[in-house]
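Reader: I am new to reading structures and would like to take a careful look at one part of this one. Could you go through it with me slowly?

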Amino acid sequence: MESSVIKSRNFNASFGTNHVVKNVNIDIPRNHIIAVMGPSGCGKTTYLRCINRMHELIPGANSSGEMLLNEEDVYKMHPIFVRLKIGMVFQRPNPFPNLSIYDNVIAGYKLNGVKLPKAEKDRIVEHSLTRVALWNEVKDSLTKKGSFLSGGQQQRLCIARAVAMEPEVILFDEPTSALDPISTSTVEELFHELKANYTLIVVTHNMQQAARVSDKTAFFFLGELVEYDETKTMFTNPKDNRTQNYITGRFS
Amino acid sequence: MQAKSVKYRLGKSYGFQILTYILAFAIVVPLLAILFYIFRAGITRINWHFLVNIPKPVGETGGGIANAIVGSIIIILIAAVIAVSIGIMAGVYLSENRKSRLAYWVRLSTDVLQGVPSIVIGIIAYFWLVKPLRGFSALSGSVALAIMMLPIIVRSTEETLKLLPDSLKEAALALGVPFHRVMFKVIVPVGISGILSGVMLAIARITGETAPLLFTAFGNPYLSVNIAKPMQSLPLLIFNYATSPYTDWLNLAWGASLILLVWVLFLNILTTLLTRKWKVQL
């Protein structure tokens, strides 16, 4: 029996009176890649942002139910500890424009005021950039600003920034939707590398991407978790009619 | 007929263009005139001696404005420290809490404060500080000037930070960075060029203020660096000496006017340069 790193029990989220995530129950196994797909406005991004408590930053946002990280309710922890254990990569690359590439990687330490010896910092930077296959491209320009890189490189820099904190889970909110095809495939290849050490939850509106990269897939529709299964099973033999319609392109 | 009407309209268009040139140039004329006049009257006074000596008593020739320059620098620096620390905090609050009731009142009061005549602010500082502390002081002058600087700094900070994308804040929050560190390590540094230009403009704006200093810093014919005592400043010196009947004092006021003018011009140019240099490319 594999252990679940994230579990949701009767989880609901809303913006004011708009109920966007409805009664979601899900178990996410450790060191797997989970794709969360569904049409626009189905609540997949909102659900993702609930996992590391980013949802509550929006005025009027509410949530209820249990969200467990290693059997501990994240809504009973301080959000800062939650976010240290659950990293996040956003839709658009958002490196800190005032920091160098080097400082962007260790931003999680630097901005939290953690003092590390120089050798340790160098090790984290090289290790993290190597993991996201960016080290060879930027090792000679570490002192340049993060915004100097191309979009795909910036997104990998953002992944390195999340990886540097050694979280247990990394959330990806449509990480390749702003990237060109080549950068997209580079990032997708990374997912397989990262799986060994982290659990990845990837929101995508791109079915092919879900099929390509994930071990398990969750299909959200109108705020409900319609189906959650092995990706292979889901795409070859969906149980729910709505999943069938979605993956055959009946609606998008 | 048609050719004629087109010609007429072209002529009108041409005339309008010339008019815009003339009026645009007319904007520059007052500045040039002021510069020219003050330079002509003041430049002969300016020399090393003028910058490092204090004014001589009536009847003696020579003397300088060192006390006013030092005083102005001290008073403005203290005012800037007070206004920058409060103003940036308030600006951060406004950009973070756009719709709260307090934000509404803060915005309203900065707008009203901006319109309060400087002499009124001087009187308020007099009743708040000079009377309770039983004496004119440079510090009370600094407080009066700080009140004048606040609205400019608050609003420029707010406007700058409002334009920064939310993704920047989320990037930092998602790394588990506490709110105050997100503000002071990410948001304010990224917006620093806009905030700085607000601060510099506020300083340029208060450098020539006389009225708030009349009943606060008061003026001092000698060089003083004690902020609990009366202190001279450039606008006060100009105000007092320019209304005196002595030629020597009048000349001193002309020289001081030139220094003040150059100072303000320099601040404005410096603002443009720093804003460009510190601009963070998003």
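At what angle do helix α1 and helix α12 of chain B pack, and how far apart are their axes?

Author: Please keep in mind that this is a predicted model. Two packed helices are described by the angle between their axes and by the distance between those axes. In chain B, helix α1, which covers residues 2-42, packs with helix α12, which covers residues 247-278, at an angle of about 130 degrees, and their axes are 8 Å apart. Because angles over 145 degrees count as roughly antiparallel and those from 65 to 115 as roughly perpendicular, this angle makes α1(B) oblique to α12(B). The crossing of α1(B) and α12(B) is left-handed. On the side of α1(B), the contact is made by B:Ile38, B:Phe39, B:Ala41 and B:Gly42, while α12(B) contributes B:Trp254, B:Gly255, B:Ser257, B:Leu258 and B:Leu261.

To place this pair in its chain, note that chain B has 12 helices and zero strands, so that reading from the N terminus gives α-α-α-α-α-α-α-α-α-α-α-α. Chain B is more spread out than a compact globule, because its radius of gyration is 24 Å, well over the 19 Å that the globule rule gives for 282 residues. Taken along the principal axes, the C-alpha atoms of chain B fill a box of roughly 75 × 70 × 35 Å. Buried residues make up 38% of the 282 residues in chain B, and among its contacts between residues at least 6 apart in sequence, 75% join residues at least 24 apart.

Methods:
Residues numbered from 1 in each chain as written. Chains lettered and ligands numbered in written order. Predicted model: local features only at pLDDT ≥ 70, side-chain atom pairs only at ≥ 80, totals over all residues. Helix = DSSP H or I, 4+ residues; strand = E, 2+ residues; numbered from the N terminus. Rg over C-alpha atoms; globule rule 2.2 N^0.38 Å. Buried ≥ 20, exposed ≤ 12 C-beta atoms within 10 Å, placed from the backbone. Contact = placed C-beta atoms within 7 Å. Axes fitted to C-alpha atoms, helices over the stretch in contact; angles between N-to-C directions. Parallel < 35°, antiparallel > 145°, perpendicular 65-115°, else oblique. Left-handed = near helix turned anticlockwise from the far one by under 90°.
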